[in-house]
Amino acid sequence: MSNMTALLALLFVVFVAFAKSGGDMAKAIFVSAFMAVFIGITWYFSSRRSQPPTEIERFAATAWLVIRRIVGIVGALVFLVVGLLFAIGYFDGAARLDTLTRLGYAVFLLGVSAFCVWVAIYGQGWNRLDWKDDVALHRENKKRYHWRR
């Protein structure tokens, strides 16, 4: 991510936050600051790709890996449980549907659960449509930040 891309993304977030806040400046500032942190993190890591990692960068990358894995696994478990409960018709809305529709929803939720596991393990590569680059970038990050697994 270039400096210009990061700046434009941040300006877009600020504009949308102020437009949606309905005059509530505190809410708009909170949303802008919250999103600025994520844009800044992405910019920081991409700007340092060609240099050896610092201790702060190594710590931040490892912390991000741990957070990503926790959120991904918890999300996968939630989607898995909801998918299974949907398949057996545990929810009132699901019980009113026919079996094939219920199983279709359950399969979709199980697929989302599997995707959460994939993102928890490998993350997202540069190309959002190519799954191989997720693995390649993860392997590169393992070498760069000295991760064991």
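This is a predicted model: local features need pLDDT of at least 70, side-chain atom pairs count only at pLDDT 80 or more; totals for chains, interfaces and linings use all residues.
Helix 3 (residues 55-87) packs against helix 5 (residues 99-122) at an angle of about 170°, and the axes of the two helices lie 8 Å apart. Because angles over 145 degrees count as roughly antiparallel, helix 3 and helix 5 are described as roughly antiparallel to each other. The residues of this contact comprise 19 nonpolar, four polar and three charged.

Three salt bridges are found in a search of the whole structure. One of them joins Glu 140 to Arg 49, with the closest N and O atoms 2.8 Å apart. Glu 140 belongs to helix 6 (residues 132-145), whereas Arg 49 is in the loop between helix 2 (25-47) and helix 3, so the pair ties together parts that are 91 residues apart in sequence. Glu 140 is partly exposed, at 41% relative accessibility, and Arg 49 is also partly exposed, at 23%.

A salt bridge is also formed between the side chains of Glu 57 and Arg 144, at 3.0 Å from N to O. This pair likewise links distant parts of the chain, with Glu 57 in helix 3 and Arg 144 in helix 6, 87 residues apart. Glu 57 is buried, with a relative accessible area of 0%, and Arg 144 is buried as well, with a value of 13%.

Within helix 3, Glu 55 and Arg 58 are three residues apart, about one turn of the helix. Their side chains meet in a salt bridge with an N to O distance of 3.1 Å. Glu 55 is exposed, with a relative accessible area of 59%, whereas Arg 58 is partly exposed, with 21%.

Technical notes
Residues are numbered from 1 along each chain as its sequence is written. Side-chain values use heavy atoms; hydrogens and water are left out. Axes are lines fitted to C-alpha atoms, for helices over the stretch in contact, and angles run from 0 to 180 degrees between N-to-C directions. Helices (H or I, at least four residues) and strands (E, at least two) are DSSP runs, numbered from the N terminus. Angles under 35 degrees count as roughly parallel, over 145 as roughly antiparallel, 65 to 115 as roughly perpendicular and the rest as oblique. Ala, Val, Leu, Ile, Met, Phe, Trp, Tyr, Cys and Pro count as nonpolar, Asp, Glu, Lys and Arg as charged, and the others, Gly among them, as polar. A salt bridge is a side-chain nitrogen of Lys or Arg within 4 Å of a carboxyl oxygen of Asp or Glu. Buried means under 20% relative accessible area, exposed over 50%, partly exposed in between (1.4 Å probe, protein chains only).
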